[in-house]
Each structure stands twice: as C-alpha cells, then as structure tokens.
Amino acid sequence: MTDSRMVRSIAFGLFFLLLPLLGACLDQDSVYGDDRPEGEPPPAANGMVGYANVETGQTVCGNCHAQPQAMWSGTKHSGAWETLQESGHAQEFCEGCHAVSELGNAATEPSGYTSTGSARFEDVQCESCHGAGSEHMSDPAASQPTPSITVVAADGTYLNCAECHNGTHHPFVEQWSLSGHSQVIGFAADRPECAGCHRGQSTLLEWGVRADYVEKFSEEPLPVVCSVCHSAHDATFAGQVRFPVETTSIELHLCARCHNRRSVPDPNSSHGLEPHSPESELVKGEAGWFPPGADFAPGTIITSHGSDANPTLCAKCHVESFTITDPDTGDFEFQAVGHTFQAIPCLDENGIPNGATDCALSTTARSYAGCAGGCHASEEQAQGLLEFKIGQVEPLTEALIALLEEVDPNLDEEGGEIDATNPTFTIAEGAFFNYNLAIHGGDVKGSSIHNPRLIPELLEASIAAVIDEYGVEFP
C-alpha cells in the first residue's frame, strides 16, 4: 500500500470511530463553547442567534464554520455597525441594514436587532444573508439556511442584497436594473456555449463557485446579479469582487472574463464576421482584422485607456461614482454608484443616470465624470475629444461600407465575397469585420472611446486592402 493510500485509510477509520461522538459538536453548549456572554438569544429574535462573543466578533455560526467566519471578518460587512455609528448621520431607520435583521434574507417579520435591540446582532453577520440559524444548530442535517441571490422579484420588490443596497445614497440595485447586467437574453442563457456569461448560475459554476444558493439548480436563468461578481465572504479584492479589477491584465480582470469574446474574425462561425463583446481586446490593441501590408501589428497600438496609466481598465470609466447636488443650495440629492456600467451615462433632468443610450453627447445630457477623474482635464475636454474622434471614424466607416457594397452588393448574405458560411476567408470579409467592429454597439462612439487610435488605422488599412484586392473605386 502506498503512503498516501495508508494515510487515507487511517483517516477514514478514525472518522467512523469518532462518528458517534460528532453529535456532541451539535448541542448548543458545544456550539457556543465559552463564548456565551449574553446567554441564549432572546425569543423575540425569531430564531436569529447572532454573535457568540460581541467583543471578539465571533459569530455562533463561525464556531463550526471557521473558514467562512475568518474570511467574513475581513469584509466591510463585519464592521457595518461601527461604520454607521462613525458616519456622523446614524439614524434608527439605518440600523436594520447594519445589523442582523429581517433585511437581506427570507425573514418576513422583525428579527434579530430590529426586534430585540441586542448588541449580539450588530454588524452584517452570516444570518443577514442565510437567515435564522437556530433550527440549523438543532438539526443541521434537516435544516439548511440556504441564501437566495435573486435581487428583484417579479413584482419589482427588492430582495436579499437589494433590500439594503438601494436608496439615494447607495442605489446599486436601481442603477443595476437600468444596465444590461439585469437582463436575461433567453436564447443565449439556454445555449451551453453562451451560458457562461448569460446565465448567472453558469457564470458562477464556470468561475469555480460551488456554494449552495436557492436558485442554483433552477431552470429559470439568473441575470448577472450582485453575487455573480461579488463574494459575500471574501475581501481579497476591492469591493469584494471575485476577481481583481485593479489590473491591466485582461487574463485576470473581472470584466474581461466576459467582455472578451470574438474580437477577431472567426471563419468557422456563422456569426464570425461580427464581433461579440470585444472590448477588452480592443483597449489592448488586439482586436480586429489586420490587413496584409498594414504597417502595424496586434498589440502595438494601445492608448492610455489600455495602458498602465489606466490601472483598473474597464472599471475606471464604467464604474465611476459621482455625487449630484442641488444647483441652488448645494444640498446632497443622489450618489451615483456607477452600476449602470455606462462610461458616459445619459442623465435625467436632475442629473441622475437614467439608463438611456441615445442622448446628446453634451456635458449637460451626459456625465463624463469617469473621464475627468484624474485623466482628462475636465468633462468638457473629454467630450470635445470624443466628438473629434467620432468625426474621424464616421467618414471612414461610410467610405469602407460603400466600397464593400461595390465588391458584394449583398454584403453578408450568402454568396459573393462576404459569406460567413463559406470557409474561404476573403479580404472583403476581413474588412467587413473591421467595419462591424467600428460600429459595434450601434454607432462608432464605443469603438472611438475604447481605442481611438487603432480603429481609424484599421479602417484606413481595410480601405486600402479592398481597393488593392478588388480594384474598386468609391461610388
């Protein structure tokens, strides 16, 4: 017998010998141990058990679930009560979200702190998301306090994370609801090759998350809810995100795990002449078809948006917070938290992001806060530069598509030089991909922002390649 097999055999033997004794860990005396400064939880707590020791921050749950307790203790949730008290504007109606209560879980009646006022329920502890733990303590096998990660019910009611992360000071769910992350694209969520980014359950599975939650095996796909990108237990990365955003590496960056799809032509796909979520490769100068004879190569044209000068890549522009105040009094009105995920969001009449995409490119219709925060000198400068780049790119797209229509009047319909169903890849198809890359998202605004130097170079090189290959002239 090998050493490793012998060790496993001894371990299994000891496990079964000790199995009858393990029940001792499940009586309440063993769970609380010596950490019982306040005795049994008050009956009014509705099954919540809270801290075993308020002073040390040891939760009752953590006496058995040691690793989650250790990880949680490094999160902002573990100090939520102190954060409120030190804020200078603590009020009673805030307390339910800074303590164990009926908010954030399945409880429907006042529970924990809101029903007892006991210090043992201060901070956002395990039960804030998992729900009451007393039944699980009494019979762990029969009662599992499994959390739900849905944030908005069918009737619009806020649930779980959203019950606290809402309102004018932290409107995460309101802004998320205006974003593409809140939408489920049915056909994509149902396709295995797409589900990793379009079905919340599949994204978590693909990212190695094995924890249980209510919706884990549901046939109803989740959108990209809070718990897809954020971990309730782990503060390794800022914002408790599952992967870093403070990196310029698209292999490591959280956003790039999905926003990095079909950035170059794929002759083996029926959609291979259309980019699909190419943003990460674009900012790094890798996206697009590089025509033969072009005097630049992939990765050589990187603007500051994709360089070390922008250390958080996507997050700097797409998750930018800014405060809206009353123009007459200067009083606070709204704290935008960047969760529409729009780089230059459209604003309503009060200056609050409204989720629209077709407003004017002015500094009154949009916020350029993500551009001016330490990069461009002002919002006005950023807006002027964007309009300048659009003025460069739009004529080039119009010229290229006019040439391609001369080469193949049917464009990407079957037959002719541009035909994704034909495995032979042509110059016209490469140029058509670059045209689609330039107008990805419906206009040239996005490509002009993501890499304002590469896109004009690709279009000019594509125009030259099409003219050289097919001998066409501008109509």
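Contact, in this note, means heavy atoms within 4.5 Å. Please keep in mind that the model is predicted.

1. Let's start with S101, which sits in the loop that joins α4 (80-85) and α5 (113-116). Leaving aside neighbours within four places in sequence, S101 is in contact with M48, G96, S111 and T114. Buried means under 20% relative accessible area, so S101, at 0% relative accessibility, counts as buried.

2. Next, have a look at the pair α17 (residues 379-407) and α18 (residues 427-438). Their axes come within 10 Å and cross at roughly 145°, and the crossing is left-handed.

3. Which residues of α17 and α18 meet? From α17 come T397, L400, I401, L404 and V407, and from α18 come A428, A431, F432, Y435 and A438. Sorted by class, this contact has nine nonpolar residues, one polar residue and no charged ones.

4. Helix α20 (residues 454-470) passes a simple length check. With 17 residues at 1.5 Å a residue, α20 should span 24 Å, and because its end C-alpha atoms are 24 Å apart, the two values agree.

5. The buried residues of α20 are worth a look too: L454, I455, P456, L458, L459, A461, S462, I463, A465 and V466.

6. Finally, glance just past the end of α20, where G471 takes a positive phi of about 65°.

Methods. Residues are numbered from 1 along each chain as its sequence is written. This is a predicted model: local features need pLDDT of at least 70, side-chain atom pairs count only at pLDDT 80 or more; totals for chains, interfaces and linings use all residues. Side-chain values use heavy atoms; hydrogens and water are left out. Axes are lines fitted to C-alpha atoms, for helices over the stretch in contact, and angles run from 0 to 180 degrees between N-to-C directions. Helices (H or I, at least four residues) and strands (E, at least two) are DSSP runs, numbered from the N terminus. A crossing is left-handed if the near helix is turned anticlockwise from the far one by less than a right angle, and right-handed if clockwise. Ala, Val, Leu, Ile, Met, Phe, Trp, Tyr, Cys and Pro count as nonpolar, Asp, Glu, Lys and Arg as charged, and the others, Gly among them, as polar. The expected span of a helix is 1.5 Å times one less than its number of residues. Buried means under 20% relative accessible area, exposed over 50%, partly exposed in between (1.4 Å probe, protein chains only).
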